[in-house]
Amino acid sequence: MDFSTINWEEMLEATIATLKMIAISGIFTIILGLPLGIVLYLWGKSNNVIIRVVYSVLSFVVNILRSVPFIILMVALIPFSKAIMGTSIGVLGTIPALVIGAAPFFARLVETALREVDRGIIEAAQGMGASTGQIVMRVLLPEARPGLLAGVTITVVTLVSYTAMSGMIGGGGLGDLAIRYGYYRYEKEVMLISVALMVILVQLLQMAGDRLVRHFTRK
Amino acid sequence: MIELKDITKVYGKGSKQATALSALSLSIKKGEIFGVIGHSGAGKSTLIRCINLLERPTAGEVWVDGVELTALSQGQLQEQRRKIGMIFQHFNLLSSATVYDNIAFPLRLIGAGRNEIEQKVKELLALVGLEEHWNKYPAQLSGGQKQRVGIARALASDPDVLLCDEATSALDPQTTDSILRLLMDINSKFHLTIVLITHEMHVIQSICDRVAVIHGGGIVEQGEVAEVFLKPKHEVTKEFIRSETQSDGPLRQAIDAVQPGYTKSVKITFLGQKTYGSTLSQVVQGTGVHFAILHGTISTIKDVPYGQLIVRFEGPEGAVEATLTELIAQGLDVEVIL
């Protein structure tokens, strides 16, 4: 092993690119996935026939998006990324694929977390004359907060591995570095460092997430 | 105040149908504490949830304070529900909010101002005796304290009606009594109509003015608590009262034991001030009639004292009969057993 050949500047740039991808795609995943999860939760327990049909369709679409391997989804979305971001490579080019890959996954986690909220508390709020919107904002989201934060943590960690995979189609960041140097050029030192950085990143994210969950748990 | 008209509630569809309530009607007066007692599965939970339409009846009308709730749109119903407070067996507090925020919850729903909320919540904290605990989370409170928060929350929107869904069933006897006392205070202080459901006769006896016995989805008996409690008619009612008083095996033996001479066993019921009077000994004095007390209870129904004695009279036939007539004339309720 000879670590002296490593271009640390490039390593730093790649790390920043990875962090950028995770941050941007993470934010959009939450913006898209949270309402989707709430809607899945609300429609999933409706008695209305039309809403039940809509729920089934939506649920089916979410399941499809979740079952397509990310690498294939990524390739399939190249034209879409190009259309909305102007490019399909680099940090920006991978964002649409990351968000579309992670949002349905996150939505399911949101739905599950909301289902954990005690039925009795919702009933009490209904009894007090709360509207559905008030129940979502003032009961469901605050009560499910630890579960939602755990869901965000899992999703962000998943995004780390997704960003690494995006190196295959020309996305930037540490994954790209590991693939280009380590896989194509047999420079295993670069690959090793890149992977180590990602391991550290995942550990830090998980620790931060666990801490937040603990902070907001009142039971 | 509350009128339930021919309420029917059917759960499920087709062959899985289960009828929880069948054509049940009930009328509750303003300012009274009305108890509904029944075994689990009798439909009492469904009944109380039909009053604020947490359960929508399959058929029938629900009227509260002159408004037909069953005819309202969702938005109008939400408005009306604010006048109906509810407390629950498992309290149903927001675990993520403090005592203060839990009590403020109904006020925030209607967009009340910060000062108004603070004033109201402080009043309510004082009313339920939780001033020191305002900043705690429900998980840090005892069951009784949680129910006090529940009561304060239910009162925050100044309701006219308070629904109590097995509110004391998860509490120990001592805490139960303190919560019942609080409910009674609230009832007299705010002229609040209280509807409670329970499976404990003790709860009914302690605070209710009137009671209805529910069984198999219908009301089998109802009336003033003293009336129903002292002279139960339906088998289910008798069962509830027996479990509250005594097992009657040994008593039956004492009554049935053959005695020489003329005897008569009767159940004498005292109500109100007569409970503590000496009517019985005054009446038998000088008649040559003697008596043995086989069983006796002295207790209260809400605040009214009552006594129930099972007494065997012995003596000349005419004197015994005259004694019984005199007891009735004195205003006691006399029921001949044997």
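**View 1. B:Thr279 in helix 11 of chain B.** In this predicted model, B:Thr279 lies in helix 11, residues 279–284 of chain B. Helices are DSSP runs of H or I with at least four residues, strands are runs of E with at least two, and both are numbered from the N terminus. B:Thr279 is buried, at 10% relative accessible area. Buried means under 20%, exposed over 50% and partly exposed in between, with a 1.4 Å probe and protein chains only. Leaving out residues up to four places away in sequence, B:Thr279 touches B:Gln330 and B:Leu332. Contact here means heavy atoms within 4.5 Å.

**View 2. An open antiparallel sheet in chain B.** Four strands of chain B line up in the order 2-1-4-5. Strands pair if DSSP finds at least two bridges between them. Strand 4 (residues 59–64) and strand 5 of chain B run antiparallel and are joined by two bridges. B:Val64 stands opposite B:Val67 of strand 5.

**View 3. The UniProt domain of chain B.** An unreviewed UniProt entry places "domain: ABC transporter" at residues 2–241 of chain B. UniProt positions follow the numbering used here, feature names are shortened, and annotations may be inferred rather than shown by experiment. Over residues 2–241, chain B is 39% helix and 26% strand. The end C-alpha atoms of this stretch are 27 Å apart.

**View 4. Chain A against chain B.** The contact draws 19 residues from chain A and 20 residues from chain B. The two chains bury about 1900 Å² between them, 56% of it on carbon and sulfur atoms. Buried area is the accessible area (1.4 Å probe) that two parts lose on being put together, summed over both.

**View 5. The salt bridge between A:Glu123 and B:Arg49.** One salt bridge is found across the interface of chain A and chain B. The side chains of A:Glu123 and B:Arg49 form a salt bridge at 2.7 Å, N to O. The rule asks for a side-chain nitrogen of Lys or Arg within 4 Å of a carboxyl oxygen of Asp or Glu. On the side of chain A that touches chain B, helix 6 (119–127) and helix 7 (132–143) of chain A are the elements giving two or more residues. Helix 6 of chain A gives the largest share, seven residues.

**Notes.** Residues are numbered from 1 along each chain as its sequence is written, and chains are lettered from A and ligands numbered from 1 in the order in which they are written. Local features need pLDDT of at least 70, side-chain atom pairs count only at pLDDT 80 or more, totals for chains, interfaces and linings use all residues, and side-chain values use heavy atoms, without hydrogens and water.
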